[in-house]
Amino acid sequence: MSDIETIMRIAPVVPVIVIEDLAHAVPLAEALVAGGLRALEVTLRTPQALDAIRAMKQVKGAIVGAGTVTNVEELEDALEAGSEFIVSPGLTEPLARAAIRHNVPFLPGIANASDIMRGLDLGLTHFKFFPAMAAGGLPALKALAAPFSQCRFCPTGGISPENAGEWLAFGPVLCVGGSWVAPKGAPDKAAIEALARKAVGLRP
Ligand SMILES: O=C(O)C(=O)C[C@H](O)[C@H](O)COP(=O)(O)O
């Protein structure tokens, strides 16, 4: 099993995916992988999410994780479905301890210094900065990262093709998360592949 840093370094953008129709899962994953985005975060926001994870794992080259994992039960369901990494909007001790116990790459959300310190106490150093723009944008992350030089981040929430390059130019940012590469609805494979290709080119 890879560690979370390896997963964060696969591509500059991790698509944040909401699957409303299971039939969309495989074509969407195929288009994203073809465009160069291989680490895919499927949010547990819809009843189809776990089946979507199972289906997308069959796509060659895809590394499929679960997002919006907010408690231990969801983490266990996500692992049962074959999730290769776990993303959470926040950081609770029970969830973090379960992720560590299961030895699954884990990217919990932080938004302030106390969140980071709780993570460090648990042995975690890699975090999602969420909600990135609403929590103060790049100036906020720069200020937060300064006292925690051992930490690495994946800002998510309000990241766009227009601002992603600036985030990715900041050393502690290994990747960004974003939903813009996985628009809702029936996937237009050519359009999504093109969005993914552009996203791959965003790393300065
Ligand atoms: O679902 C979760 O677990 C979240 O943490 C929220 C998502 O990561 C953001 O909603 C994606 O943000 P946008 O790219 O601005 O659409």
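Visitor: Why are H2 and H3 called oblique to each other?
Guide: This is a predicted model, and in it the axes of helix H2 (residues 25–34) and helix H3 (residues 49–56) come within 9 Å and cross at roughly 50°. Angles under 35 degrees count as roughly parallel and 65 to 115 as roughly perpendicular, and H2 and H3 are therefore oblique to each other. The crossing of H2 and H3 is also right-handed.

Visitor: Which residues make the contact between H2 and H3, and how many of the residues in that contact are nonpolar?
Guide: From H2 come Ala25, Val26 and Ala29, which meet Ala52, Ala55 and Met56 of H3. By class, the contact of H2 with H3 holds six nonpolar residues, with no polar and no charged ones.

Visitor: What makes H2 oblique to H9?
Guide: H2 and helix H9 (residues 189–200) pack with their axes 7 Å apart, at an angle of about 40°. Angles under 35 degrees would count as roughly parallel and those from 65 to 115 as roughly perpendicular, so the angle makes H2 oblique to H9. The handedness of the crossing of H2 and H9 is right-handed.

Visitor: Which residues of H2 and H9 meet, and into what classes does their contact divide?
Guide: On the H2 side they are Pro27, Leu28, Glu30, Ala31, Leu32 and Ala34, and on the H9 side Lys189, Ile192, Glu193 and Ala196. The residues of the contact of H2 with H9 divide into seven nonpolar, no polar and three charged.

Visitor: How many helices and strands does the protein chain have, and why is the chain called as compact as a globular protein of that length?
Guide: The protein chain contains nine helices and nine strands. Its radius of gyration is 16 Å, close to the 17 Å that the globule rule gives for 204 residues, so the protein chain is as compact as a globular protein of that length. Along its principal axes, the C-alpha trace of the chain spans about 45 × 35 × 25 Å.

Visitor: What is the value of phi at Thr68, and where is Thr68 found?
Guide: Phi of Thr68 is near 55°, a positive value in a residue other than glycine, and Thr68 is found in the loop between strand S3 (63–67) and helix H4 (72–80). Thr68 is also among the closest of the 13 residues that surround the ligand, together with Pro89, Thr156, Gly178 and Ser179. The shell around the ligand divides into four nonpolar, nine polar and no charged residues.

Visitor: Which peptide bond is cis?
Guide: The peptide bond from Phe130 to Pro131 is cis, with omega near -5°, and Pro131 is found in the loop between strand S7 (126–129) and helix H7 (137–145).

Conventions
Residues are numbered from 1 along each chain as its sequence is written. This is a predicted model: local features need pLDDT of at least 70, side-chain atom pairs count only at pLDDT 80 or more; totals for chains, interfaces and linings use all residues. A residue is near a molecule or strand if its C-beta atom, placed from the backbone, lies within 6 Å of it. Ala, Val, Leu, Ile, Met, Phe, Trp, Tyr, Cys and Pro count as nonpolar, Asp, Glu, Lys and Arg as charged, and the others, Gly among them, as polar. Axes are lines fitted to C-alpha atoms, for helices over the stretch in contact, and angles run from 0 to 180 degrees between N-to-C directions. Helices (H or I, at least four residues) and strands (E, at least two) are DSSP runs, numbered from the N terminus. Angles under 35 degrees count as roughly parallel, over 145 as roughly antiparallel, 65 to 115 as roughly perpendicular and the rest as oblique. A crossing is left-handed if the near helix is turned anticlockwise from the far one by less than a right angle, and right-handed if clockwise. Two residues are in contact if their C-beta atoms, placed from the backbone, lie within 7 Å. The radius of gyration is taken over C-alpha atoms; the globule rule is 2.2 Å times the number of residues to the power 0.38.
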